[in-house]
Amino acid sequence: MGTRRAGGSGGSQAKATRLHEARRTGVPVPPFTDAEPTPGADEGYLIQQELVRLLLADGDRIVGTRSG
């Protein structure tokens, strides 16, 4: 298993919330790599998972998956 970065899932949740708000309002957010140049893949997946949860809570639905 990968190691967690400082901030844990709380930081991932905050980033997902920022992305969700940007999608809702149409106002872009600066790249997360501006503040943290080397986020790990684990964090990226956590952000994605939380963003999907927020989108589904808004009534969006998953219409397909990508493999590979």
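Is Glu21 exposed or partly exposed, and what is its relative accessibility?

Analyst: In this predicted model, Glu21 counts as partly exposed, at 34% relative accessibility. Its salt-bridge partner is Arg24, and the closest N and O atoms of the two are 2.3 Å apart. Arg24 counts as exposed, because its relative accessibility is 57% and the cut-off for exposed is over 50%. Both residues belong to helix H1 (residues 8–25), where a spacing of three residues separates them by about one helical turn.

Side chains of opposite charge can pair when their charged atoms come close. Arg23 is exposed at 55% relative accessibility, whereas Asp60 is partly exposed at 31%.

Helix H2 holds a further pair, Glu50 and Arg53, which are three residues apart, about one turn of the helix. Their closest N and O atoms are 2.6 Å apart. Glu50 is buried, with a relative accessible area of 12%, while Arg53 is partly exposed at 46%.

Lys15, Glu36 and Glu43 are also joined, in a network of salt bridges. Over the whole structure, a search finds five salt bridges. The chain that carries them has two helices and zero strands, and buried residues make up 18% of its 68 residues.

Notes:
Residues numbered from 1 in each chain as written. Predicted model: local features only at pLDDT ≥ 70, side-chain atom pairs only at ≥ 80, totals over all residues. Heavy atoms only, no water. Helix = DSSP H or I, 4+ residues; strand = E, 2+ residues; numbered from the N terminus. Buried < 20%, exposed > 50% of the residue type's maximum accessible area, 1.4 Å probe, protein only. Salt bridge = Lys/Arg side-chain N within 4 Å of Asp/Glu carboxyl O.
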